[in-house]
Amino acid sequence: MTGLPFKITDCGKHGLITAEKEFFERDCILRVVSEYTHKYFISFYPDSEYSIRIDIAAKDNSDIDEILLKEFFNKCIDTQIKIDLQKEFGDLRQRIVDYAFLAVERNRA
């Protein structure tokens, strides 16, 4: 990808974000999109074999600014990190939780 991963088009009415499939899973994009659908119309579709394009427009027809696009993109990064950590350490986390509550279960019996 060359340049910034986002741009504003249509006299400020649409924001476009290009996200690399290598870094962002479908689940990540869906989770982030769901947080914005109350105020924005959002669509996403393949841009190439390696990237997807996310199109954002305000439901009230207001302008889209660069700050919104940066926040959306950062939310994608944060969400993907959480997904990756869950995949890597989720089983270990569950074992720790199970062990912690094992003592509580023993006390109840």
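Residues are classed as buried under 20% relative accessible area, as exposed over 50% and as partly exposed in between (1.4 Å probe, protein chains only). Helices (H or I, at least four residues) and strands (E, at least two) are DSSP runs, numbered from the N terminus. The structure is a predicted model, in which local features need pLDDT of at least 70 and side-chain atom pairs count only at pLDDT 80 or more, while totals for chains, interfaces and linings use all residues. Residues are numbered from 1 along each chain as its sequence is written, and side-chain values use heavy atoms, with hydrogens and water left out.

Helix 1 spans residues 26–36, and its buried residues include Cys 28, Ile 29, Val 32, Val 33 and Tyr 36. These lie on the same side of helix 1, because they cover an arc of only 125° around the axis (taken from the directions from the helix axis to the C-beta atoms). The buried residues of helix 1 pack against strand 3 (40–46), strand 4 and helix 2 (66–108), contact being defined as heavy atoms within 4.5 Å.

Ser 51 belongs to strand 4 (residues 51–58) and is buried, with a relative accessible area of 4%.

Phe 6 is part of strand 1 (residues 6–9) and counts as buried at 12% relative accessibility. With residues up to four places away in sequence not counted, Phe 6 touches Leu 16, Ile 17, Glu 66, Leu 69 and Lys 70. Between the C-alpha atoms of Phe 6 and Arg 95, which are 89 residues apart along the chain, the separation is 41 Å.
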